[in-house]
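Hi there,

Here is the structure I promised to pass on to you. Please open it beside this email and follow along as you read.

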Amino acid sequence: MATPDSAGPRTTDEIVEKILSTYDTITVVGASANTAKPANEVPAHMKHLGWRIIPVNPTADEIVGEKVYRSLADVPEQVGLVDVFRPGPECAEVARAAVEAGATALWLQLGIRSDEARKIAEDAGLLYVEDRCLIIEQRRTGIVPA
C-alpha cells in the first residue's frame, strides 16, 4: 500500500521491488524444519537464489542448513528484512520485535495480514508488505541478489 514518503516507493509492487533489490539477507520468523511447509520451502528457495537466510524458530536448531535463533532478539547481528510465517494475530508482536531489533522491512507471507502489524511497522518507518509470497514476487520481478 502507500507510504507517506513521496520520495520512496508508494505502491506495494514498488515496495516489493525495493525490498528484493535492497536486501541480501532475510531473517525468517516462523521458519520451519518441515520441508513440506512453505515456511521451509520459501527460505530454501531464496537461499538457493543467493539470499542469506537467518531462521528464527523457538524449537529448531537448524533450518535450511542454517543455525536457528530462538527469537529476533537473539539474532547477533543487525536485522534488515524480517519475513514472517506466523498467524495474523501474532504479527503485531513480531512487528514490535522487528522494530526493537532495528529491522527496516517487514514482510508477511501469502495469506497473512495484520492491521496492527502494519501500523507498528509503518509508524516506525519500515517498508511493509503483507499477503505476498517471496517466491512468487521474486519470480514476477526476476530480481536476485547482486
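Thr25 lies in strand β1; strands here are DSSP runs of E with at least two residues, helices are runs of H or I with at least four, and both are numbered from the N terminus. At 17% relative accessibility, Thr25 counts as buried, a word that means under 20% relative accessible area, while exposed means over 50% and partly exposed is in between (1.4 Å probe, protein chains only). The side chain of Thr25 has a polar contact of 3.2 Å with that of Asp24. Such a contact is a pair of N or O atoms within 3.5 Å; within protein, one must be able to donate a hydrogen and the other to accept it, and residues adjacent in sequence count only if both atoms are side-chain atoms. Not counting residues up to four places away in sequence, Thr25 touches Trp51, Arg52, Ile54 and Leu81, where contact means heavy atoms within 4.5 Å.

Before you go further, note that this is a predicted model, in which local features need pLDDT of at least 70 and side-chain atom pairs count only at pLDDT 80 or more, while totals for chains, interfaces and linings use all residues. Residues are numbered from 1 along each chain as its sequence is written, and side-chain values use heavy atoms, leaving out hydrogens and water.

Now for helix α3. Which residues of helix α3 (residues 91-100) are buried? They are Cys91, Ala92, Val94, Ala95 and Ala98. Seen down the axis of α3, these buried residues fall within an arc of 160° (taken from the directions from the helix axis to the C-beta atoms), so they line one face of the helix. They pack against β1 (25-29), β5 (81-84), β6 (105-108) and α4 (115-123). On the other side of α3, Glu93 and Glu100 are exposed. After α3 comes Gly102, with a positive phi near 85°.

Leaving out residues up to four places away in sequence, Val79 touches Thr27, Leu72, Ala101, Gly102, Ala103 and Thr104.

Next, the helix pairs. Two packed helices are described by the angle between their axes and the distance between the axes. The axes are lines fitted to C-alpha atoms, for helices over the stretch in contact, and angles run from 0 to 180 degrees between N-to-C directions. Helix α1 (residues 12-22) and helix α5 (residues 134-141) have axes that come within 11 Å and cross at roughly 90°. In α1, Asp13, Val16, Glu17 and Leu20 meet Leu134, Glu137, Gln138, Arg140 and Thr141 in α5. Helix α2 (residues 38-49) also packs with α5, at an angle of about 35° and with the axes 9 Å apart. That contact is made by Glu41, Val42, His45, Met46 and Leu49 of α2 and Leu134, Ile135, Gln138 and Arg139 of α5.

Gln138, in helix α5, is buried, with a relative accessible area of 7%. Beyond its neighbours within four places in sequence, Gln138 is in contact with residues including Leu20, His45 and Val144. Val144 lies in the segment after α5 and is partly exposed, at 44% relative accessible area.

Happy exploring!
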